[in-house]
Amino acid sequence: MTPDFSNSFPLRAARVHEVCGASAASLAVVCAAQAKGPVLWIRDAWRPETLNPLGISPFFDPAKLLIAQVKDQTEGLAVAEEALRDGSTPLVVLEISQPLGLIHGRRLQLSAKAGKSTGLCLIPDGMGSNAAESRWRCVPIYDVFSASADSTLQRWELIKNKSGTLGSWHVRWDAASRRLNLVSATGE
Amino acid sequence: MFDGMQRRVVSIWFPRLASDRALRLRPLEGPFALTLHQGNTNRIYCLNRAAEQQGLSRGMPFSDARAFCPDLQSRPSRPNEDRQFQLALRRWALRYCPWVGLEDDDGLVLDISGAAHLFGGEAELLMDMRQSLSRAGISAAIGLGDSRGAAWALAHYGEGRAEVGQALDALQELPVAALRLEEKTVTALGRLGLRSISDLANAARAPLTRRFGTDLLMRLDQALGQQPEQITPLKDPPHYGVRMTLPEPIGHSSDVMAGTERLLTQLCAKLHAQETGARVLCLTLRRVDQDNQQVELRLARPMRDAKRILPLFERGFGDVDAGYGIDQLRLEAVQVEPMPVQQLSHVSTGGKDRLDDLITRIGTRIGLENIQRFLPADSHIPERSYIIAPAAFSVPNSGWATIRSRPLHIFPPNPLLGSHDIPTPPKHFRWRRMSFSTARATGPERIAPEWWLEDDSWRSGVRDYWCIETRQGRRLWLFFTPQSPSWYVHGEFA
């Protein structure tokens with residue numbers, strides 16, 4: 001018996017959450033699509049890959065996305081804290097490349113509480129901080145039965161939750177209606 | 001002009017303005033010329049006296065000039081900077097009288113009526129001008145007359161001074177070209193035997209008008225003071241700087257803040273009057289020991305609301321070292337933009353203002369141009385189908401059109417290792433040290449390079465893009481280049 005997805009998924013507001021795994025960015029764009037207002041996405045300037053606005057447009061209008069290119073993680077954390085505390089962006093996405101300490105995580109959490117905006121850290125596996133409200137692992141799944149023309153079937157696993165139970169769900173984004181559909185798991 | 005005051009006009013001609021400016025920056029000995037690239041040849045734009053004595057002239061092809069004078073030194077000319085220099089000279093000339101205008105692109109005209117006695121008389125005033133110009137290394141010819149035309153004629157032909165009411169006496173020997181006539185008219189007058197101004201003044205007026213039009217006699221009358229001619233003083237640009245000098249030095253950040261608030265209120269009133277908004281502000285704090293501390297604030301959009309700008313300064317104050325105390329504050333709007341008054345609307349814009357303030361605050365930390373947004377662009381090339389623009393200097397645009405699905409992430413193409421050189425997608429491949437096996441492949445979608453743009457990454461020719469669904473779950477965007485057969489990974493779908 002899997003727990004109810006709606007208890008966990010629109011992420012709790014005014015908290016900082018973490019997501020890891022190969023499809024971590026997918027969870028971030030789904031959250032951004034559900035956010036009411038502009039979204040700030042903080043990424044390291046040295047990363048070779050870039051977000052593609054044409055890939056974003058099935059999820060939400062890229063006009064509401066602001067990108068902050070930061071030099072290193074310290075700068076990124078400072079920008080995230082500033083933006084979370086200000087609260088004019090309901091969602092702040094932060095890409096992390098080094099392990100987060102407890103102090104950093106707690107500071108982010110406090111500023112999210114002050115500004116009532118949600119933070120989402122994209123972390124490499126195992127680099128999260130204990131202060132996170134919830135942690136997800138998102139991996140893409142091969143869909144045996146139907147060709148996925150516009151989105152990938154994914155397994156979203158809640159691997160840490162401070163206020164609720166853990167769980168695992170199969171989801172898929174529906175670009176036409178712009179909503180996330182739960183898919184029942186299938187045997188191989 | 002009221003009665004009893006004779007109008008007196010000074011005209012200053014800078015015959016070698018451009019080369020004087022260049023030589024002031026970097027002095028040289030010997031013949032020197034500035035060149036201008038015009039109609040596929042380099043021509044001499046301006047030259048110094050030594051070069052003129054060698055027989056060179058303006059407009060001469062530069063290669064000819066080098067043949068005549070092998071030790072000629074040259075630099076490219078910069079007409080824009082010459083213009084700035086002329087404006088600077090105009091500002092300098094304001095010390096003689098408040099009414100200074102520009103004459104063509106190589107001169108100034110000053111209305112010194114009632115101002116000459118401040119320098120001890122007209123002769124002393126002209127002497128003072130000549131001395132300061134020659135000290136600055138600028139060659140100039142100065143003419144003084146009752147009208148703008150007379151002063152111009154005297155500056156360009158003969159350099160002298162016409163006494164009050166004696167314009168014709170001073171001008172009569174000068175050639176007719178001194179009347180600011182067209183080349184054609186001057187030649188035609190020469191054929192008629194009218195070579196000097198006195199010839200022209202004594203000739204019958206009616207036949208001259210019939211032959212040359214009214215322009216000729218209008219110029220003559222303007223020179224002799226019988227027809228008025230205006231001098232247009234340029235408007236000074238508004239100055240956006242305020243300062244406050246304190247009787248006692250201050251050091252507390254709250255005091256500095258309070259001082260800044262007063263200055264900001266003044267500055268914003270000024271901005272409001274001019275309907276402009278500040279984009280970049282610079283606060284200079286002068287310490288007791290004459291050291292200057294600067295706080296620069298770059299705003300995400302033009303603003304003139306003191307209450308909103310003040311908190312944005314807070315972060316900048318953190319780095320200031322007050323030393324023994326600060327005794328002068330100076331606030332300047334370094335960059336301003338027009339900001340017309342706007343109709344208040346019932347639709348709330350509070351969120352937009354807060355977002356702009358946030359961008360400004362983050363911008364003071366990571367640089368304003370590092371906060372970016374995507375704008376659509378018209379291209380099929382994946383990397384060029386969008387533009388990344390600084391958020392502070394662009395407006396959001398929602399014209400995104402996608403026909404085929406595109407990946408969420410794109411990266412510089414990673415070549416697939418191994419012998420993949422056939423156009424059908426590989427069954428198995430390794431990428432980023434992971435092995436994948438293809439389950440479904442959708443494609444190909446052929447994208448041709450934009451030949452009209454130079455792009456190194458598209459040297460390999462057309463690309464056939466495939467969307468590959470792997471058994472491992474990931475959906476990747478691969479392409480094959482038929483003209484130099486190999487496979488690359490270019491992106492990953494969400």
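Strand β16 of chain B, which spans residues 434-447, contains B:P444, where helices (H or I, at least four residues) and strands (E, at least two) are DSSP runs numbered from the N terminus. The peptide bond that joins B:G443 to B:P444 is cis, with omega about -10°. The model is a predicted one, in which local features need pLDDT of at least 70 and side-chain atom pairs count only at pLDDT 80 or more, whereas totals for chains, interfaces and linings use all residues. Residues are numbered from 1 along each chain as its sequence is written, and chains are lettered from A in the order in which they are written.

Although B:E159 is not a glycine, its phi is positive, at about 45°; B:E159 lies in the loop between α6 (148-156) and α7 (167-171) of chain B. A positive phi, of about 55°, is likewise found at the non-glycine residue B:E275, which is placed in the loop between α12 (253-274) and β9 (276-287) of chain B. A residue is termed buried if 20 or more other C-beta atoms, placed from the backbone, lie within 10 Å of its own, exposed if 12 or fewer do, and partly exposed in between. B:E159 is partly exposed because it has 15 C-beta neighbours inside 10 Å, and B:E275 is exposed because 11 other C-beta atoms lie within 10 Å.

Between the chains, 41 residues of chain A are in contact with 42 residues of chain B, contact being defined by C-beta atoms, placed from the backbone, that lie within 7 Å. Among the elements that each supply at least two residues to the side of chain A that touches chain B are α2 (24-34), β4 (65-70) and β7 (134-141).

How values were computed. Contact = placed C-beta atoms within 7 Å.
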